[in-house]
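Look at the sequence and the model before reading on.

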Amino acid sequence: IAVNAYNSGRSEKIMLCGGKLRDFPDGKYTEAEYMRQAALRLGVPDDHIILENSSQNTVENILFALIELQRNFWL
């Protein structure tokens, strides 16, 4: 969904969240890193992806996402 918003011009960047390390078919990655690889394959440039790669649960997703938004956009 984020890539669709990006590709349609509704978003200049996308944020991908999730720091839990998981086993995926092609290796072990954090959730956010795995989604980043998919977004890159779908044409999103790496410098248009904000990666929150530390959270371990939904509450941390929100808190750490706010930190990344502050770092990227000075909210």
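Strands β2 and β3 form a hairpin, with two residues between them. This is a predicted model: local features need pLDDT of at least 70, side-chain atom pairs count only at pLDDT 80 or more, and totals for chains, interfaces and linings use all residues. Residues are numbered from 1 along each chain as its sequence is written, and side-chain values use heavy atoms, with hydrogens and water left out.

**The hairpin**

- Strand β2 spans residues 21-24 and strand β3 spans residues 27-30. Helices (H or I, at least four residues) and strands (E, at least two) are DSSP runs, numbered from the N terminus.
- The two strands pair in the antiparallel sense over four bridges. Pairing requires that DSSP finds at least two bridges between two strands.
- R22 has Y29 in β3 as its bridge partner.

**Salt bridges**

- The whole structure holds five salt bridges. The term stands for a side-chain nitrogen of Lys or Arg within 4 Å of a carboxyl oxygen of Asp or Glu.
- One of them joins K28 to D23, with the closest N and O atoms 4.0 Å apart.
- K28 is exposed, at a relative accessible area of 51%. D23 is exposed too, at 65%. Exposed means over 50% relative accessible area, buried under 20%, and partly exposed in between (1.4 Å probe, protein chains only).
- R36 and E33 also form a salt bridge, at 2.8 Å from N to O. Both residues lie in helix α2, three residues apart, about one turn of the helix.
- What is the relative accessibility of R36? The value is 18%, so R36 counts as buried. D46 is partly exposed, at a relative accessible area of 44%.
- Through shared partners, salt bridges join E33, R36 and D46 into one network.

**Q37 in helix α2**

- Q37 is found in helix α2, which covers residues 31-41.
- Is Q37 buried or exposed? Q37 has a relative accessible area of 17%, so this residue is buried.
- Setting aside neighbours within four places in sequence, Q37 is in contact (heavy atoms within 4.5 Å) with D26 and Y29.
- Y29 is also the bridge partner of R22.
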